[in-house]
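Subject: Structure handover

Dear colleague,

I am passing on the structure below, followed by notes on what was found in it. Please read the notes with the coordinates open beside them.

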Amino acid sequence: MYTASDLKKGLRIKIDNEPYIVTEFNFVKPGKGQALYRSKLRNMITGAQFERTFRSVDTFEPADLEQKKMQYLYQEQGKYCFMDNESYEQVFLTEDQVGEAKNFLIDNLEVEILFFEDKALEVSVPNFVDLVVIRADPWAKGDSVSGKTKPVTLQTGYQIQVPPFVEEGEKIRVDTRSGEYLTRVKD
Amino acid sequence: MERDGRVADKREALWKRARMIRAIRDFFTAREYLEVETPHLITALIPEKYIDAVACGDSFLHTSPELHMKRLLAAGHPRIFQICKCFRDGERGSNHLPEFTMLEWYCRGMDYRRLMEECEELIVSVATDLGSGDVVNYQGVAIRLQRPWETISVREAFASYAPMSMDKAVTGNCFDEIMVSSIEPHLGLTQPTFIYDYPASGSALAKQKKDDPTLAERFELYMGGKEIANACSELTDPEEHHRRFLNVNRYRHSAGKSIYPVPEHFLQDVGRMPHAAGIALGVDRLAMIFCDSPAIDDVVSFVPEFL
């Protein structure tokens, strides 16, 4: 059980039997008045955002969330399909639920899917994913000045800035948290 | 609070803050206010419904210097000011620290209306000293300091900005929520705002208005939507004090909060206290305005998360 003063950004709570994540939070106290906890919440199922102000006496249940290892299979008409490696059970996420992770989803990638009861909510990809460069301008002479980068397109359609020496067909490692290039990878 | 506590980035804010505090001292010294220091470690305190003290052994760290400054007024000091640390348990947010710096001053024979003027004079004087001129830019809003500043009663503010009247908000038990969400964001935007005549029910030690005892002679100063100071014409009746203390402690008990020992010496002295007005101003908040800082963290050298 949480009280309003335990709320913080990223905390997941249950309201009316649905899971919410706290996206913004501030303690306020109007002159001589009581402590109030202003927060922005996002419904983890519908994605709906709203503001709520709580008092210190308000309490919350934690949202019971479970993380499962699954494999990314394919995408069709904005639905992303994942499979449980043991039960072979399949679940789907919408493009909104997948969010930024879609830039890094390659076939058979092992990911973690967050569940609330039996509803799949969101996907987390590994911190580092290796992706093939499918489109890049050739390396022009004089581009070797340090700090200079060029845009390339990866197999997922993700566009990223890389050093000028990276060529089409090569594989690079990307940090999925920052979305940035790390290094070239030799197979 | 995602900000870290690195002191190096704060060089400019800390210089400005120090200069601001010096300007405050100069202002009061020039007006023959006596700078006082009262104990921070106290055995009894003025109980407030929504302010929790930090306990320290058998004593408490003071939540404001009010109690002992009033005893000094009662002892015959007509004009006093103090800049000190105050401690309030559990208060942490972008405008709150559990240990913060307060400026408090009292003047014999003044009422809350005259105190508004002195408050204007102080802040204009500090702005001049900091070289800010007539306009302070805070978070994209230009706050003009030309006097007189905007005044609006709490009742008018509810009529203008809120979905219901002040009386409805009080009886409906949502005064604070509406204040925070509908009213505060409008206050002190083009110029500083004094919002005055609060419901007596929420004004611990303010004198009630003669022509309407449901209101207290109390005001708050807002700049850039932020509460900067709280002031009132001071209550001087010891029996009324005692009654209010018991009421507050009764509320605290029912709300499951700790009950504070009643300050007996204060109650003995307060009957000798002359008519006076007093004001508490958040020094860190004022520094936020002059440093154009969105978070209180930016204007203090250390925050509690990084001690």
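I begin with a strand pairing in chain B, where strand E1 (residues 34-35) and strand E5 (residues 79-87) run parallel and are joined by two bridges. Here helices (H or I, at least four residues) and strands (E, at least two) are DSSP runs numbered from the N terminus, and two strands pair if DSSP finds at least two bridges between them. This is a predicted model, in which local features need pLDDT of at least 70 and side-chain atom pairs count only at pLDDT 80 or more, while totals for chains, interfaces and linings use all residues. Residues are numbered from 1 along each chain as its sequence is written, and chains are lettered from A and ligands numbered from 1 in the order in which they are written.

The contact is made by B:Ala13, B:Lys16, B:Arg17, B:Met20 and B:Ile21 of H1(B), together with B:Val283, B:Leu286, B:Ala287, B:Phe290 and B:Cys291 of H9(B) (two residues are in contact if their C-beta atoms, placed from the backbone, lie within 7 Å). By class, these residues divide into eight nonpolar, no polar and two charged, with Ala, Val, Leu, Ile, Met, Phe, Trp, Tyr, Cys and Pro counted as nonpolar, Asp, Glu, Lys and Arg as charged, and the others, Gly among them, as polar.

Turning to chain A, there are one helix and 16 strands. Its radius of gyration is 21 Å, well over the 16 Å that the globule rule gives for 187 residues, so chain A is more spread out than a compact globule; the radius is taken over C-alpha atoms, and the rule is 2.2 Å times the number of residues to the power 0.38.

One open sheet of chain A has six strands in the order E1-E6-E2-E3-E4-E5, with antiparallel pairing. Strand E1 (2-3) and strand E5 (49-55) of chain A stand at its edges, each with a single partner strand, so one side of each is left without a neighbour in the sheet. Inside chain A, strand E2 (residues 12-15) and strand E3 (residues 18-28) pair in the antiparallel sense over four bridges, and A:Ile15 has A:Glu18 of E3(A) as its bridge partner. Helix H6 (residues 175-183) of chain B packs on this sheet, touching E3, strand E4 (36-43) and E5 of chain A, and its direction makes about 65 degrees with that of E4(A).

As for the interface, 14 residues of chain A are in contact with 19 residues of chain B. On the chain A side, E3(A) gives the largest share, three residues.

Best regards

Note on methods:
Axes fitted to C-alpha atoms, helices over the stretch in contact; angles between N-to-C directions.
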